[in-house]
Amino acid sequence: MISNVKIIQLPKILDERGNLSVIEEFKNTPFKIERAYWIYDVPGGEVRGGHAYKKNEEFIVALSGSFDVLLNDGKEEETFYLNRSYYGLYVPNGIWRQIKNFSTNSLALILSSTIYDENDYIRDYEVFKDLRND
């Protein structure tokens, strides 16, 4: 089991007109939300991610459809299947991530603790492993 990674259940407000869930920084996420982005229209068989962050933390939610989030800390690998809009996956920094097996019309929401910074990315898996084993 990879430490500090966790599934967080979001509040569900049930209503006959349709349900509602909410995400609030520091309440449902352990960080201040600085950026939100979403991944959609992923062609069959494609993989997103394939990197780690030095500083950035993320909270990933399957708003629609489903997908797998593969996480690796340099020693262990764990797969999380996300398919409910009221569950989010907290991913701390220093964890290699890939998102794959997107269902048709899936929509992945990612909330980030930092603004976009290309220098925060570790895009080479061998470099990532070397950094984790220092």
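**Strands, partners and a buried asparagine**

Reader: Good to meet this one! Which residue of E10 does His 51 stand opposite?

Author: Happy to start there, with the reminder that this is a predicted model. Strand E5, residues 48-53, pairs with E10 in the antiparallel sense over three bridges. In E10, the residue opposite His 51 is Arg 97.

Reader: Thanks! Which strands are the edge strands of the open sheet of five strands?

Author: The order in this open sheet is E8-E7-E10-E5-E12, with antiparallel pairing. An edge strand here pairs on one side only.

Reader: Now to Asn 72 in E7. Is Asn 72 buried or exposed?

Author: Asn 72 has its place in strand E7. The relative accessibility of Asn 72 is 9%, and the cut-off for buried is under 20%. Because 9% falls under that cut-off, Asn 72 counts as buried.

Reader: What does the side chain of Asn 72 make a polar contact with, at 3.5 Å?

Author: A polar atom of the Asn 72 side chain lies 2.5 Å from the backbone nitrogen of Gly 74. The contact at 3.5 Å is with another side chain. That partner is Glu 77.

Reader: And leaving aside neighbours within four places in sequence, which residues is Asn 72 in contact with?

Author: Glu 77 comes up again, as one of the residues in contact with Asn 72. Taken together, the residues in contact with Asn 72 beyond those neighbours are Ile 2, Glu 77, Ile 95, Trp 96, Tyr 125 and Phe 128.

Reader: Let's turn to E6. How many of the seven residues of strand E6 are buried?

Author: Strand E6 takes in residues 58-64. The rest of the structure largely encloses E6, because the buried residues among its seven number five.

Reader: One for the loops: what value is phi of Asp 41 near?

Author: Asp 41 lies in the loop between strand E4 (35-40) and E5. Asp 41 is exposed, with a relative accessible area of 63%. Phi of Asp 41 is positive, in a residue other than glycine, and is near 55 degrees.

Reader: Finally, what is the relative accessible area of Asn 105?

Author: Asn 105 is found in the loop between E10 and E11. Phi of Asn 105 is near 60 degrees, a positive value in a residue other than glycine. Asn 105 is exposed, and its relative accessible area is 62%.

Methods: Residues numbered from 1 in each chain as written. Predicted model: local features only at pLDDT ≥ 70, side-chain atom pairs only at ≥ 80, totals over all residues. Heavy atoms only, no water. Helix = DSSP H or I, 4+ residues; strand = E, 2+ residues; numbered from the N terminus. Buried < 20%, exposed > 50% of the residue type's maximum accessible area, 1.4 Å probe, protein only. Polar contact = N/O pair within 3.5 Å; in protein donor to acceptor, adjacent residues only side chain to side chain. Contact = heavy atoms within 4.5 Å. Pairing = 2+ DSSP bridges.
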